[in-house]
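Reader: I would like to go through this entry with you and ask, for each label you use, what it rests on. Please set the values against the cut-offs as we go.

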Amino acid sequence: MDKLKRYNQKLLAIIGTTILVIAGISIIFGLGAFVVSLLDFSNADNHGLKVPTETTTINNDSIEFVRTQAITFNSPYQLDTAQSKFLIAVGQVNLKTEEKVRIESGGMSKISSYEYPYESHYGLFNNFIYYNNESGISHKIFDERIAITSWLFLKIDSIEVLLFKGTTTDDNSDGQIDYNDYQSLFAYYLNNQELLRYNFDNKTVLEFEPMNKTNLVSIELGIDKDKDFDFENRSEPKEITSLNVRTRKIQPIVIDEIKHDIQKIVDGVKN
């Protein structure tokens, strides 16, 4: 009986020690993860387009500023396998050492659809270069500071269009132009090289996707009801509209009358 009792005591001691060791290791790993989460890795991971803070005009012909980011190029992406048309995405990297720059006058310093194949691309880019090897055309698409967060190439019959989601403004005033600012929809029509911007007041573009067997691209919008420049997915509504790439105009999918009727049903209000 005493032997059995001693055996049980030893067994309980071993189990207790094992539990303590496991708990100790878990605490160590947990503390390590917590410390890592507190460290600032913004220089390595945060490549949003920074808003410049200091620009000095030396005279009417030159300016001086501090450069904190440098452009970087991605490999050319072939838009159409049957044609030699390419798109080169331009991103930016944060410089380890800031550069003082003076510019003198005149100087230079998802898934594919069966009808309409397309591929969605995500990242953070500041420009794109369109290159047509057959015609020898090569030029940038945007002429202003912009942060592009996603894009796709769509071809419907003879219509070829590049669609971009992005922004040119630091809406939340955090010093960067990136995903967290209101997103607009940009369309670059290759047929006549026209770039159009589609803005939505107090709304941000969340997603866009071509609608099979139509000329439409559905656009999912987040409505910033409290106008704090921060769309909150759980407490603020979304709506759907569309871009007709043939007419190049925004057109509703759900008309206002239907929206109002459904809201009345939710509110419990009788007609």
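Predicted model: local features only at pLDDT ≥ 70, side-chain atom pairs only at ≥ 80, totals over all residues.

Reader: Why is Asn126 called buried?

Author: The relative accessibility of Asn126 is 12%, and buried means under 20%, so Asn126 counts as buried. Leaving aside residues up to four places away in sequence, Asn126 touches Leu49, Ile71, Val90, Gly91, Gln92 and Ile146.

Reader: What makes the approach of the Asn126 side chain to the backbone oxygen of Gly91 a polar contact?

Author: A polar atom of the Asn126 side chain lies 2.8 Å from that backbone oxygen of Gly91, and the cut-off for such a pair is within 3.5 Å, so the pair qualifies as a polar contact.

Reader: Which side chain makes a polar contact with the side chain of His121?

Author: His121, which lies in strand β6 (residues 120–125), makes a polar contact through its side chain with the side chain of Tyr77, at 3.5 Å. Tyr77 is also among the residues that His121 touches, together with Thr149, Ser150 and Trp151, when residues up to four places away in sequence are not counted.

Reader: How do you know that Asp80 and Lys155 form a salt bridge?

Author: Their closest N and O atoms are 3.0 Å apart, and a salt bridge asks for a side-chain nitrogen of Lys or Arg within 4 Å of a carboxyl oxygen of Asp or Glu, so this pair meets the criterion. Asp80 is buried, with a relative accessible area of 12%, whereas Lys155 is partly exposed at 32%.

Reader: What makes the pairing of Lys203 with Glu239 a link between separate parts of the chain?

Author: The side chains of Lys203 and Glu239 meet in a salt bridge of 2.7 Å, N to O. Lys203 lies in strand β14 (residues 203–210) and Glu239 in strand β16 (residues 238–244), so the pair ties together parts that are 36 residues apart in sequence. With a relative accessible area of 23%, Lys203 is partly exposed, while Glu239, at 17%, counts as buried.

Reader: Why are Asp256 and Lys259 separated by about one helical turn?

Author: Asp256 and Lys259 are three residues apart in helix α3, which means that about one helical turn separates them. Their closest N and O atoms are 3.8 Å apart, and the limit is 4 Å, so the pair is still called a salt bridge. Lys259 has a relative accessibility of 30% and counts as partly exposed. Elsewhere, salt bridges that share partners join Asp80, Lys85, Lys155 and Glu160 into one network, and a search of the whole structure finds ten salt bridges.

Reader: Which residues make the nonpolar surface patch?

Author: The patch of about 570 Å² is made by Ile240, Ile253, Val254, Ile255, Ile258, Ile262 and Val266, and its largest share, three residues, comes from helix α3 (residues 256–267).

Reader: Is Val217 buried or exposed?

Author: At 0% relative accessibility, Val217 counts as buried, because buried means under 20%. Val217 is found in strand β15 (residues 216–223), and its C-alpha is separated by 5.1 Å from that of Leu243, 26 residues apart along the chain. Among the residues that Val217 touches are Leu154, Leu163, Phe208, Met211 and Leu243.

Reader: How many helices and strands are there in the chain?

Author: The chain has three helices and 17 strands, and of its 271 residues 34% count as buried.

Note on methods:
Residues numbered from 1 in each chain as written. Heavy atoms only, no water. Helix = DSSP H or I, 4+ residues; strand = E, 2+ residues; numbered from the N terminus. Polar contact = N/O pair within 3.5 Å; in protein donor to acceptor, adjacent residues only side chain to side chain. Contact = heavy atoms within 4.5 Å. Patch = residues over 30% accessible without salt bridge, like charges linked within 9 Å, V, L, I, M, F, W, Y side chains within 5 Å. Areas by Shrake-Rupley, 256 points an atom, 1.4 Å probe, with all protein chains shown as cover. Buried < 20%, exposed > 50% of the residue type's maximum accessible area, 1.4 Å probe, protein only.
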